[in-house]
Amino acid sequence: MAIHKVGYLIGSLARGSINRKLAKALVQLAPPELEMTEIPFRDLPLYSYDYDADFPQVAQDFKKAIASVQAVLFVTPEYNRSIPGGLKNAIDWASRPYGKNSFARKPSAVIGTSPGAIATAVAQQSLRSVLSFCNSPQMNAPEAYIQFTPGLITDDGEVTVESTEDFLRNYMAEFHMFIARVLQVLPPDA
């Protein structure tokens with residue numbers, strides 16, 4: 001099977017984020033056909049349409065990074081029953097200026113972890129709504145709401161609970177198959 005380049009965005013800007021640990025685990029558990037690359041957005045200024053005529057270099061580089069991948073994985077916490085502001089800002093930059101939406105026709109998936117019982121369920125629904133508007137085909141199943149408990153994932157991305165590791169490995173395998181299906185129907189250069 002073909003190799004697919006996947007960019008992943010970590011919704012939390014915190015260096016010690018549990019979602020960063022989850023992202024490390026997902027990279028390790030991804031099938032070899034997925035080439036995973038983090039797309040950072042920490043340095044983006046707040047988006048304003050005043051920039052549309054002349055994007056700053058950091059925003060141009062961000063859009064190029066998204067253009068260079070075939071699919072996007074969002075690994076995000078939940079802030080106030082929604083997505084973090086930094087992540088929303090990054091999506092705003094990538095989807096602008098009008099007519100130059102970097103997410104259009106690009107397969108995506110959403111996952112996240114939180115200590116709460118419902119994990120990141122509400123944030124994921126919020127993000128899915130935004131991605132729908134951005135015309136990004138989304139993997140709808142399996143859904144993945146990971147309740148984080150101390151020690152579940154090490155700083156190096158090792159999952160310590162076998163059933164969670166199996167679930168996450170399957171999630172990434174499903175994402176791989178989803179990407180392949182979408183790209184058959186919506187080839188990137190079409």
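The legends below describe close-up views of a predicted model.

Local features need pLDDT of at least 70 and side-chain atom pairs count only at pLDDT 80 or more, whereas totals for chains, interfaces and linings use all residues. Residues are numbered from 1 along each chain as its sequence is written, and side-chain values use heavy atoms, with hydrogens and water left out.

**View 1. The open five-stranded sheet.** The strand order is β2-β1-β3-β4-β5, with parallel pairing. Strands (E, at least two residues) and helices (H or I, at least four residues) are DSSP runs, numbered from the N terminus; two strands pair if DSSP finds at least two bridges between them. At the edges are β2 (34-38) and β5 (145-147), each pairing on one side only. Neighbouring strands are turned by 25° against each other on average, direction ignored. Angles run from 0 to 180 degrees between N-to-C directions, and axes are lines fitted to C-alpha atoms, for helices over the stretch in contact.

**View 2. Strands β3 and β4, with helix α1.** β3 (residues 71-75) and β4 (residues 108-114) pair in the parallel sense over four bridges. F74 stands opposite V110 in β4. Helix α1 (residues 18-29) lies across β1 (4-10), β2, β3 and β4, and runs at about 130° to β4.

**View 3. Packing of helices α2 and α3.** The axes of α2 (residues 57-67) and α3 (residues 85-94) are 9 Å apart, at an angle of about 85°. The two helices are therefore roughly perpendicular to each other (65 to 115 degrees). From α2, A59, F62, K63 and I66 make the contact, and from α3, A90, W93 and A94; contact means heavy atoms within 4.5 Å. Six of these residues are nonpolar, none is polar and one is charged (nonpolar: Ala, Val, Leu, Ile, Met, Phe, Trp, Tyr, Cys and Pro; charged: Asp, Glu, Lys and Arg; polar: the others, Gly among them).

**View 4. The buried residues of α3.** L87, N89, A90, I91, W93 and A94 are buried in α3. Buried means under 20% relative accessible area, with a 1.4 Å probe and protein chains only. These buried residues pack against β1, α2, β3 and α4 (121-133).

**View 5. Surroundings of I39.** I39 lies in the loop between β2 and α2. I39 counts as buried because its relative accessibility is 3%. Not counting residues up to four places away in sequence, I39 touches G7, Y8, L9, F62, A65, I66 and V69. C-alpha to C-alpha, I39 and S114 are 21 Å apart in space, and they are 75 residues apart in sequence.

Terms used. Angles under 35 degrees count as roughly parallel, over 145 as roughly antiparallel, 65 to 115 as roughly perpendicular and the rest as oblique. Buried means under 20% relative accessible area, exposed over 50%, partly exposed in between (1.4 Å probe, protein chains only).
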